[in-house]
Every structure is written in structure tokens, then in C-alpha cells.
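Good morning, everyone, and thank you for making time for this. I would like to walk you through one protein model, beginning with the whole chain and ending with a single residue.

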Amino acid sequence: DKQPDGTRVVVDIDPGARPLRLPRRMVARAVRSLVDNALRADPTGRPTLQVTTCPSGWCICVRDRGPGMTPEVRARAVEPFYTTRDHGMGLGLYLAQEVARQLGGELTLTETPGGGLSATLRLQGQD
């Protein structure tokens, strides 16, 4: 469901983020997977997507205010076909992790203070 102003995801892009050459479709697919998961988990319906520059390239962080994941689920969440939902293939986090690896980066999942989960893609690109 959309918010009254039509916003579903709060986006914050660092205006100082340096441009990088990244495979657009791959990165977009990975980010869409993270946002989709956050939208499904966040009872407020307003997860955040933040793009900042990190030492190796970009950090793309998607945060929700959902119930989070137990350590056991978080440990398995990036396995292919692992899902906790009734309807889902269990490939979103796995594919996001693979995109990060192919680009010399990583995907990390951490609990958010106050509840929820942060999924952070650290990506390296060419200047």
C-alpha cells in the first residue's frame, strides 16, 4: 500500500556520492529484491533506501522496521531457495549477494536498533 503522498520507500542519496560504472540491470535487480523484502516486512510501509559513498565504492542500505530475523534465519537467508514466506522463491537475497560478489563487494544483513533489518550492498565500480 502506498502512503497518502504516494511514497512507498524513503530514498536518501548522498549528493556527494561519486559516479561509478556499474552494470545497471544487475544492480537494479539486486536493489529491487532488497526493497521488495523490506516492503513486505515493514508494517509502516515506509522502508528507507540510502546510497552513500564508502571507501571501496557505494553502500546501498535498505532498512525496514519489521520484526527482523532470528540469528538462525539470518544465517540461512542468503541460501538459494530458502524462504520464510508462504509465497516466495527464496532467491532475492541470494541473487543480491551474488551481484555484490561479482562486483567485488558484499551483502550484509544486520539488526536495526529499535527493530527491523538493514540489508547493505557494498559495491565496487570503475570511476
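Before I give a surface value, a definition: accessible areas here come from the Shrake-Rupley method with a 1.4 Å probe. On that basis the protein, which is a predicted model, exposes about 7700 Å², and carbon and sulfur atoms supply 52% of that area. Buried residues, meaning those under 20% relative accessible area, make up 37% of the 127 residues.

Turning to the fold, the protein has three helices and five strands, and along the sequence these follow the pattern β-α-β-β-α-α-β-β. The radius of gyration is 14 Å, close to the 14 Å that the globule rule gives for 127 residues, so the protein is as compact as a globular protein of that length.

Now, how do helix H1 and helix H3 pack? H1, residues 24-41, and H3, residues 92-102, pack at an angle of about 145 degrees with their axes 9 Å apart, and H1 passes H3 in a left-handed crossing. Among the residues making the contact are Met-26, Ala-30 and Leu-34 of H1, together with Leu-93, Ala-96 and Val-99 of H3. By class, this contact has seven nonpolar residues, four polar ones and no charged ones.

Finally, let us look at Thr-110, which lies in strand S4, residues 106-111. Is Thr-110 buried, partly exposed or exposed? Because its relative accessibility is 38%, Thr-110 counts as partly exposed. Leaving aside residues up to four places away in sequence, Thr-110 touches Arg-74, Gly-116, Leu-117 and Ser-118.

How values were computed:
Residues are numbered from 1 along each chain as its sequence is written. This is a predicted model: local features need pLDDT of at least 70, side-chain atom pairs count only at pLDDT 80 or more; totals for chains, interfaces and linings use all residues. Side-chain values use heavy atoms; hydrogens and water are left out. Axes are lines fitted to C-alpha atoms, for helices over the stretch in contact, and angles run from 0 to 180 degrees between N-to-C directions. Helices (H or I, at least four residues) and strands (E, at least two) are DSSP runs, numbered from the N terminus. A crossing is left-handed if the near helix is turned anticlockwise from the far one by less than a right angle, and right-handed if clockwise. Contact means heavy atoms within 4.5 Å. Ala, Val, Leu, Ile, Met, Phe, Trp, Tyr, Cys and Pro count as nonpolar, Asp, Glu, Lys and Arg as charged, and the others, Gly among them, as polar. Buried means under 20% relative accessible area, exposed over 50%, partly exposed in between (1.4 Å probe, protein chains only). The radius of gyration is taken over C-alpha atoms; the globule rule is 2.2 Å times the number of residues to the power 0.38.
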